[in-house]
Amino acid sequence: VTINTDASFHPQLKHGAYAFWAVCNDFKITKSGVFRAKCINSHDAEAKCILNALSIVCTDKSVSKIIVNTDSMNAIAYLTLNKEHLSKYHWLENHKKVKYHSIMKKYLKGVKIEFRHVKAHSGVKDNRSFVNEWCDSEAKKQLRK
């Protein structure tokens with residue numbers, strides 16, 4: 001399964017919104033919404049978006065590998081607890097990093113996951129850019145609500 005994600009964040013109100021597009025040979029899922037809980041910042045919203053996507057995709061027991069395309073290196077760093085990158089990103093308390101990592105592992109239950117950083121708003125006219133733009137505009141639309 002390939003999941004493309006994006007989130008939007010309102011810094012004054014601390015509200016976040018998300019959109020993701022998941023596709024494989026067996027299904028396609030597009031979903032967006034607003035987070036119930038407030039977000040700390042845009043990176044927190046990005047990580048929560050990935051967790052939302054995983055919570056839905058991982059309910060399909062036939063899934064064995066997931067590739068997550070995101071434009072947030074910060075979200076990748078603390079979802080994976082990558083020590084090399086974590087030292088650069090001090091925007092979230094350690095207990096939340098561990099909590100989000102644990103939630104991700106609970107959803108995966110042995111499913112292999114690979115994170116890929118994708119450049120947002122590249123201007124390239126291909127399928128990946130189309131999906132990235134859809135996620136971006138859908139998350140912004142949800143946040144305006």
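Read along the sequence, the chain follows the pattern β-β-β-α-β-α-α-α-β-α, with five helices and five strands in total, where helices (H or I, at least four residues) and strands (E, at least two) are DSSP runs numbered from the N terminus. The model is predicted, so that local features need pLDDT of at least 70 and side-chain atom pairs count only at pLDDT 80 or more, whereas totals for chains, interfaces and linings use all residues. Residues are numbered from 1 along each chain as its sequence is written, and side-chain values use heavy atoms, with hydrogens and water left out.

Of the 145 residues in the chain, 46% are buried, that is, under 20% relative accessible area with a 1.4 Å probe, protein chains only. Among contacts (heavy atoms within 4.5 Å) between residues at least 6 apart in sequence, 62% join residues at least 24 apart.

Helix α1 (residues 42-57) packs with helix α2 (residues 73-80) at an angle of about 60°, their axes lying 8 Å apart; axes are lines fitted to C-alpha atoms over the stretch in contact, and angles run from 0 to 180 degrees between N-to-C directions. The two helices α1 and α2 are therefore oblique to each other, a term for angles that are not under 35 degrees (roughly parallel), over 145 (roughly antiparallel) or 65 to 115 (roughly perpendicular). To this contact α1 contributes His43, Asp44, Glu46, Ala47, Ile50 and Leu51, and α2 contributes Asn74, Ala75, Tyr78 and Leu79. The residues of the contact of α1 with α2 comprise six nonpolar, two polar and two charged, with Ala, Val, Leu, Ile, Met, Phe, Trp, Tyr, Cys and Pro counted as nonpolar, Asp, Glu, Lys and Arg as charged, and the others, Gly among them, as polar.

Technical notes:
Buried < 20%, exposed > 50% of the residue type's maximum accessible area, 1.4 Å probe, protein only.
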